[in-house]
Amino acid sequence: FHPLLITEERTGFPFGIILRDGHVGSANNVALFLKRILFWLREEIAGVAIVIKADCSFGIADLINEFDDNRIDYILGLSGNRALYPHIEGLKKEVLREYEEMGKPLQRFMSFVHKADPWEKEHRVVAKVEHTGQGINIRFVVSSMTAEDPSRLYASYHTRAKGIEAVIEQLKNG
């Protein structure tokens with residue numbers, strides 16, 4: 001099975017869980033499922049701030065454009081690719097140099113504006129470049145939101161993994 005879970009971040013309250021066939025793509029039917037939940041939330045809790053947070057399986061153009069069209073804020077993981085890596089080349093070299101000098105794991109963040117071909121508009125992308133002691137690790141997120149400090153925006157994205165990832169693993173493993 002390939003479960004889809006939509007939960008409230010602070011409490012873990014499940015708005016919806018769908019068990020899907022194990023061969024379906026992660027983002028399959030997400031927009032339709034979310035529309036129902038968002039309609040209900042907006043009816044029941046007028047004015048509530050909604051921010052969708054999801055891993056890179058959901059950082060796809062169809063969902064990004066859907067969220068933009070419906071004015072839904074989001075922070076989504078974004079798969080690294082040839083168009084993104086040139087933006088962080090300088091930061092990557094800096095992290096490697098710092099690690100060689102200090103010999104301790106470290107991480108640095110930066111943001112830049114990017115427009116992928118299938119996106120309807122430019123978006124802010126935040127990159128995390130870290131040296132774990134075992135090599136360089138690079139992660140990207142795309143967001144409709146702004147923050148002065150890119151590390152804060154990334155940290156907001158990363159909070160989604162604390163509780164929900166364990167629940168997903170429990171579902172997958174019975």
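Analyst: Start with contact: heavy atoms within 4.5 Å. By that criterion, and leaving aside neighbours within four places in sequence, Phe-67 is in contact with Leu-34, Ile-52, Ile-72, Tyr-74 and Leu-76. Two ground rules follow. This is a predicted model, where local features need pLDDT of at least 70 and side-chain atom pairs count only at pLDDT 80 or more, while totals for chains, interfaces and linings use all residues. Residues are numbered from 1 along each chain as its sequence is written, and side-chain values use heavy atoms, leaving out hydrogens and water.

User: How do you know how many helices and strands the chain has?

Analyst: They are DSSP runs: helices are H or I with at least four residues, strands are E with at least two, numbered from the N terminus. That gives 5 helices and 7 strands. Their order from the N terminus is β-β-α-β-α-β-α-β-β-β-α-α.

User: How do you know whether the chain size agrees with a compact globule?

Analyst: The radius of gyration is taken over C-alpha atoms, and the globule rule is 2.2 Å times the number of residues to the power 0.38. For 174 residues the rule gives a radius near 16 Å; the chain has 17 Å, so the two agree. The C-alpha trace spans about 55 × 40 × 30 Å along its principal axes. Of the contacts with a separation of 6 or more, 49% are between residues 24 or more positions apart.

User: What makes E3 and E5 edge strands?

Analyst: Pairing decides it. Two strands pair if DSSP finds at least two bridges between them. The open sheet of 5 strands has the order E3-E4-E7-E6-E5, with mixed pairing. E3 (51–54) and E5 (106–114) each have a single partner strand, so one side of each lacks a neighbour in the sheet. Neighbouring strands are turned by 20 degrees against each other on average, direction ignored.

User: How do you know in which sense E6 pairs with E7, and with E5?

Analyst: E6 (residues 123–131) and E7 (residues 136–143) are antiparallel over 8 bridges. E5 and E6 are also antiparallel, over 9 bridges. Bridge partners in E7 include Ile-138 for Val-129 and Asn-137 for Glu-130.

User: Why is E6 called largely enclosed?

Analyst: Buried means under 20% relative accessible area, exposed means over 50%, and partly exposed lies in between, with a 1.4 Å probe and protein chains only. In E6, 9 of the 9 residues are buried, so the rest of the structure largely encloses this strand. His-123, Val-125, Ala-127, Val-129 and His-131 point one way; Arg-124, Val-126, Lys-128 and Glu-130 point the other. In a regular strand, side chains alternate between the two faces of the sheet.

User: Is His-114 buried or exposed, and what does His-114 contact?

Analyst: His-114 lies in E5. Its relative accessibility is 11%, so His-114 counts as buried. Beyond neighbours within four places in sequence, its contacts include Ala-83, Trp-119 and Val-125.

User: What covers the buried residues of H2?

Analyst: The cover includes H1, E3, E4 (73–78), E6 and E7. In H2 (residues 61–69), the buried residues are Ala-61, Leu-63, Ile-64, Asn-65, Phe-67 and Asp-68.

User: What makes a set of residues a nonpolar core?

Analyst: Its members are buried Ala, Val, Leu, Ile, Met, Phe, Trp, Tyr and Cys residues joined through side-chain atoms within 4.5 Å. The largest one has 36 residues; Ile-52, Phe-67, Leu-76, Trp-119, Val-125 and Phe-140 touch the most other members. Helix H1 (residues 30–44) gives the most to this core, with 6 residues. A second, separate core of 6 residues includes Ile-75, Leu-153, Tyr-154 and Tyr-157.

Conventions
Axes are lines fitted to C-alpha atoms, for helices over the stretch in contact, and angles run from 0 to 180 degrees between N-to-C directions.
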